[in-house]
Amino acid sequence: MTKQYVTTAIDYPNAAPHMGHVLEKVLADVCVRWMRLKGDDVRFQIGTDEHGIKIQQTAAKEKLTPKELVDRNVPLFQDLYARLGISADLFIRTSDRCKHWPTVMELWKRLQEEKMLEKRTYTGLYCSGCERFLTKKDLVDGNCDVHQRAPEEVREENYFFLLSKETAWLKKLLKKEYKIVPTFRENETLALLEQGCEDVSFSRPKSSLSWGIPVPDDPNQVMYVWCDALTNYISGLGYFTDHEMKQWWEDATVTHVIGKDIARFHALIWPAMLKHAGVRSPDRLLIHGFLTSEGEKMSKSLGNVVKPENVLAHFAGNPDPLRFYLSHEVPVGNDGDFSWKRIDELYIGVLSNKIGNLLNRVLVLLRKEGNEISVPVDASFSQLLKDHWPRYTESMDAFDFSTALTDHVVALAMAGNVKMEEKKPWTLTGTERAEVLGGIGEVLRHISLLLLPFMPETAQKISLQLGVPYAGKMLEKSFVITDEMKTWGGEKGWKAVSEPVILFPQLEKPENAALSPPRRAGHLSP
RNA sequence: CGCGGGGUGGAGCAGCCCGGUAGCUCGCAAGGCUCAUAACCUUGAGGUCGCAGGUUCAAAUCCUGCCCCCGCAACCA
């Protein structure tokens, strides 16, 4: 059995979660669910990165301690992910002193023993108004744009991680063991390596950063984000502490799902850190793009930040339309766009009118036959399915979710509707009628399985309504799609369907929606 | 010359690696059907494939140059 360890980046909880956070968790969850359905043994970890100056500043602004701030915000992430059906096995918090801190400190010590950390003096432009270092980008005519005054040059001590030593090793690693998906990101990273790596600042003086993990044996220094945050991937497994889950790193295929902004840290710093801590490198880095909102970069100043809870509310708490949208619209690798118009179009045009409606029309007709369903015989569909499964599998394994959904799931639903039109079962009687309806029912059974990684709840509802014997078990982590299930007519014990229930109810009519602003108010107000 | 992604009918995309009647979804128009969630099906209109050169019997597809949009450029998912 293949072991898989999948992680996402850990989120920064200085504010409520937004669509960008959700995109990553949904993509990772689809991967993970697909792995489980194939029969892989999977562990899936998500979490929060809770230290740093921004948390410190936000907390001060809100008159809270950093700890109070994160304890207030972290549940927002946890609740949201639970409502979205993110099937994580562990939610790790970097403020966790039992599991996380000891691992990080041990890792630091190992890097020090390996002479990979060096204390240096760093000189930067510090604005006392912002209480932080500014980059050249922040300056307008040499002044801090916020406080309209020149920053002062400040020198401070930092530990540096000597990443520059590892350039050659990293090149080899990235060409062989550590695979970056998609390929153009790999090329980008290799091109970057050609310029050579620079050493990375790994700590701050306690005076400028107090909210973080202390540097061992140096009371005046606190760890900066990289050593702290990246280490979550192994601290959550009990590395250097109880060692309990270590096999999930050592014997599994390790996949990190992250955004393009932090690609270089995961591609370069992280494996170099692990190397000097005596831990093997991860296997795969899956880099997704960002979400724009209504075609523009999502930002607070533009006021187009989409709140996930508004999307959930729009669909009466059902997470599946959003999960479908994100997997369907955002190809792994490139950027995608979130648009209210588009998500409604997909909901109405695809989920409701194609898939939901097909299920309903079949069930309504079967009800008139006492809900009995007979073994399907339609040879054309049998052949179609034989073709769809391997191609769907290929797309899923390549993280091409958009193709998996459009070319296979949606295409099948459309084929089902065409078949209805062609055979007109409502005009038939007896065996003829039963055979046609049995065939379309069987197509829906396959659609339900194909949808399972993307829309687990919906997939199960379809199978439950169809009365498929295994339907009740579909949401269990141990549920595996067997060859029999993939075979046309492969579910022998299937005898009767249940009552039809509308899967995707109609939304407000567009003209009414235009008259009632509340739906859009959420993302238009700052 | 910092790096990368993209420019295909009204909208969103596929095709480009491995040249050969330009495809899909939505929208629009007409027709059909009535089992179904004002759903479903069929047909049609609409494109000089960013621009300019080149290679070739033949280029959206290969080569060269240019223009435009977007993202990243080290700590903002």
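Entry 1. I looked up the residues around RNA strand B and found 41, of which Y224, K260, D261, N357 and R361 come nearest. I then noted which atoms of the RNA are involved: sugar and phosphate make up 63% of the atoms of RNA strand B that come within 4 Å of the protein. I record here that the model is predicted.

Entry 2. I turned to individual polar side chains. For R361, I found a polar side-chain atom 2.5 Å from a base nitrogen of RNA strand B. For S352, an N or O atom of the side chain is 2.9 Å from a base oxygen of RNA strand B. For E421, I noted a side-chain N or O atom 3.0 Å from a sugar or linking oxygen of RNA strand B.

Entry 3. I asked which elements give two or more residues to the surface near RNA strand B. They are α1 (19-38), α6 (183-194), α7 (225-230), α10 (263-277), α13 (340-367) and α15 (401-423). The largest share comes from α13, with nine residues.

Entry 4. I next examined an open sheet of three strands, ordered β16-β15-β17, and noted that its pairing is mixed. Its edge strands, each pairing on one side only, are β16 (296-297) and β17 (336-338).

Entry 5. I followed strand β15 (residues 291-293) to β17 and found that the two run parallel, joined by three bridges. In this pairing I located L291 opposite G336 of β17.

Definitions and conventions. Residues numbered from 1 in each chain as written. Chains lettered and ligands numbered in written order. Predicted model: local features only at pLDDT ≥ 70, side-chain atom pairs only at ≥ 80, totals over all residues. Heavy atoms only, no water. Pairing = 2+ DSSP bridges. Helix = DSSP H or I, 4+ residues; strand = E, 2+ residues; numbered from the N terminus. Near = heavy atom within 4 Å. Polar contact = N/O pair within 3.5 Å; in protein donor to acceptor, adjacent residues only side chain to side chain.
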